[in-house]
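Q: I'm new to this one. Can you walk me through the structure, bit by bit?

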Amino acid sequence: MKQDQVYPKIARGTFHEQFKWSLWFFGFLTAAHIIGLIIVNITDEQLLGFFVFSTHSVSIFLLVCGIISVYVFMGLFVQQGVTRKDSYLGIAIAALALTFAVTLISLVLNAIEQLIAGSMSLPLETDVTNMFEPAAGWFAAACYYYLNMLTYYLVGWFIGVGYYRYGWLIGFVFVALAILAISINGYFWGDADLSSIIPLIPHSPADASPVIAVIGSLILNTALLISIRLLTKRMAIKL
């Protein structure tokens, strides 16, 4: 009899738990955005729309989720007899699903905000130069948002694996590598100008073509996934 695959169950369990965290997170983030709208309305200023406003906060949230996934989920699963491969696959699938979920939530909340803005005056800034700005098209903006948020989850997972496997001292090396990965990702999307540091590097690929930025981001995320798999393949689990 063929044995049932374990990693789908791991993926569902991990996603379900972290999705609950995301609901709490978006509750606080929405409250902060409403308070911000009230404040800027009093001061006659403007605030970014929720989709753009949420970018940095969501990226930090997913970074933390990635770090926690090692200590809360992976170690626990392996202790219960789940193979490292199944744990890795389950968490990887959960990361893809969670990133999709937070992207969808951001889109829905932004759409609700726009509907409200259509019936009443809200102090929202519309002239924004940002790769995630819906002016380029909702589908394109959502894809860019998704790829960037996924990078932060994988970077957090990478940091967590480094600290878990090698301890805090070598863990700082993983933090440095993670900062490099985030800088490279920012370069792809026009948020970091590496050409000012390394003259041989051209200006941001996003300035030339968003397609190049997407390909660069996909390559970076694939490299992170491969690195995490190699690091966790024979990683000792702490009891």
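Q: Which helix does L107 lie in?
A: L107 lies in helix α4, residues 84–119. Helices here are DSSP runs of H or I with at least four residues, strands are E runs of at least two, and both are numbered from the N terminus.

Q: Before we go on, what kind of model is this, and how are residues numbered?
A: This is a predicted model, in which local features need pLDDT of at least 70, side-chain atom pairs count only at pLDDT 80 or more, and totals for chains, interfaces and linings use all residues. Residues are numbered from 1 along each chain as its sequence is written, and side-chain values use heavy atoms, with hydrogens and water left out.

Q: Back to L107. What is it in contact with, leaving aside neighbours within four places in sequence?
A: F51, W138 and A142. Contact means heavy atoms within 4.5 Å.

Q: And how far is L107 from F50?
A: Their C-alpha atoms are 8.3 Å apart in space, while in sequence the two are 57 residues apart.

Q: What about V70, buried or exposed?
A: Buried, at a relative accessible area of 0%. Buried means under 20%, exposed means over 50%, and partly exposed is in between, with a 1.4 Å probe and protein chains only.

Q: Where is V70, and what does it touch?
A: V70 is in helix α3. Beyond its neighbours within four places in sequence, V70 contacts G75, W157, G160, V161 and Y164.

Q: Which helix holds N221?
A: Helix α7, residues 210–232. N221 is buried, at 4% relative accessible area. Past its neighbours within four places in sequence, N221 meets L147, L150, T151 and L154.

Q: New topic. How many salt bridges are there?
A: One, from a search of the whole structure. A salt bridge is a side-chain nitrogen of Lys or Arg within 4 Å of a carboxyl oxygen of Asp or Glu.

Q: Which residues form it?
A: K20 and E17, with the closest N and O atoms 3.4 Å apart. Both lie in helix α1, residues 7–42, three residues apart, or about one turn of the helix. K20 is partly exposed at 36%, and E17 is partly exposed at 29%.

Q: Why can such side chains pair?
A: Because side chains of opposite charge can do so when their charged atoms come close.

Q: How do α1 and α3 pack?
A: At an angle of about 145°, with axes 11 Å apart. Helix α3 covers residues 55–79. Axes are lines fitted to C-alpha atoms, for helices over the stretch in contact, and angles run from 0 to 180 degrees between N-to-C directions.

Q: Which residues make that contact?
A: Among them are W21, F25 and F26 of α1 and F61, I68 and F73 of α3.

Q: Which residues form the nonpolar patch on the surface?
A: Y166, W168, L169, I170, F172, V173, L177 and L180, with about 830 Å² of accessible area together. Patches take residues with over 30% relative accessible area and no salt bridge, joining like charges within 9 Å and nonpolar side chains (Val, Leu, Ile, Met, Phe, Trp, Tyr) within 5 Å. Areas come from the Shrake-Rupley method with a 1.4 Å probe; for residues, only the protein chains shown count as cover.

Q: And where is I170?
A: In helix α5, residues 138–188. I170 is partly exposed, at 40% relative accessibility.

Q: Last one. How many helices and strands are there?
A: Seven helices and two strands.
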